[in-house]
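The report below reads a single protein chain from its overall outline down to individual side chains. Please keep the sequence and the structure in view while following it.

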Amino acid sequence: MNPKFQAAIDVLLKGVADLSTTFAQDGLLKVVTKNIVEQALASEMENHLGYSKHNRNESDN
C-alpha cells in the first residue's frame, strides 16, 4: 500500500475511539466514501463541461 495512503488512514482512525463507529450508519466509512464520490463526480462534470462549477464558459453558447 502507498505509504501516504497508510498515513492518511492512520490519521483518520486515530481520532475514532471505537472502530465499530467506523462502520456505523453515519460512520467514518460512509463520510469518507461520500466525499470521494462527490469529488470524483465534480471532477467529471468539470472535465465534461470544460470549466469549473462557479466559472463561466468563454464560448458564445
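A residue is called buried when its relative accessible area is under 20%, exposed when that value is over 50%, and partly exposed in between. In this model, which is predicted, buried residues make up 5% of the 61 residues in the protein chain.

**Overall form**

The protein chain holds 2 helices and 0 strands. Its radius of gyration is 17 Å, well over the 10 Å that the globule rule gives for 61 residues, and the chain is therefore more spread out than a compact globule. Taken along the principal axes, the box filled by the C-alpha atoms is roughly 55 × 30 × 15 Å.

**A nonpolar patch on the surface**

Met1, Phe5, Ile9, Leu12, Leu13 and Leu19 together form a nonpolar patch on the surface, with about 600 Å² of accessible area among them. Helix H1, which covers residues 3–14, contains leucine 12, and both leucine 13 and phenylalanine 5 are also placed in helix H1. Phenylalanine 5 has a relative accessible area of 54% and therefore counts as exposed, whereas leucine 12, at 40%, is partly exposed, and leucine 13, at 32%, is likewise partly exposed.

For phenylalanine 5 and leucine 28, which are 23 residues apart along the chain, the separation of the C-alpha atoms is 16 Å.

**Charges and salt bridges**

The protein chain carries 6 positive and 8 negative charges, and the mean positions of the two groups are 4 Å apart. Side chains of opposite charge can pair when their charged atoms come close. With a cut-off of 4 Å between a side-chain nitrogen of Lys or Arg and a carboxyl oxygen of Asp or Glu, the count comes to 2 salt bridges, which are set out below.

| Salt bridge | Closest N and O atoms |
|---|---|
| Lysine 30 with aspartate 26 | 3.6 Å |
| Glutamate 38 with lysine 34 | 2.7 Å |

In the pair formed by lysine 30 and aspartate 26, the two partners fall into separate accessibility classes: lysine 30, at 44% relative accessibility, is partly exposed, while aspartate 26, with a relative accessible area of 63%, is exposed.

The pair of glutamate 38 and lysine 34 lies within helix H2, which covers residues 28–49, and the two residues are 4 positions apart there, about one turn of the helix. Glutamate 38 has a relative accessibility of 41% and so counts as partly exposed, and lysine 34, with a relative accessible area of 48%, is partly exposed as well.

Key
Residues numbered from 1 in each chain as written. Predicted model: local features only at pLDDT ≥ 70, side-chain atom pairs only at ≥ 80, totals over all residues. Heavy atoms only, no water. Patch = residues over 30% accessible without salt bridge, like charges linked within 9 Å, V, L, I, M, F, W, Y side chains within 5 Å. Areas by Shrake-Rupley, 256 points an atom, 1.4 Å probe, with all protein chains shown as cover. Buried < 20%, exposed > 50% of the residue type's maximum accessible area, 1.4 Å probe, protein only. Rg over C-alpha atoms; globule rule 2.2 N^0.38 Å. Lys, Arg positive; Asp, Glu negative; His and termini not counted. Charge placed at Lys NZ, Arg CZ, Asp CG, Glu CD.
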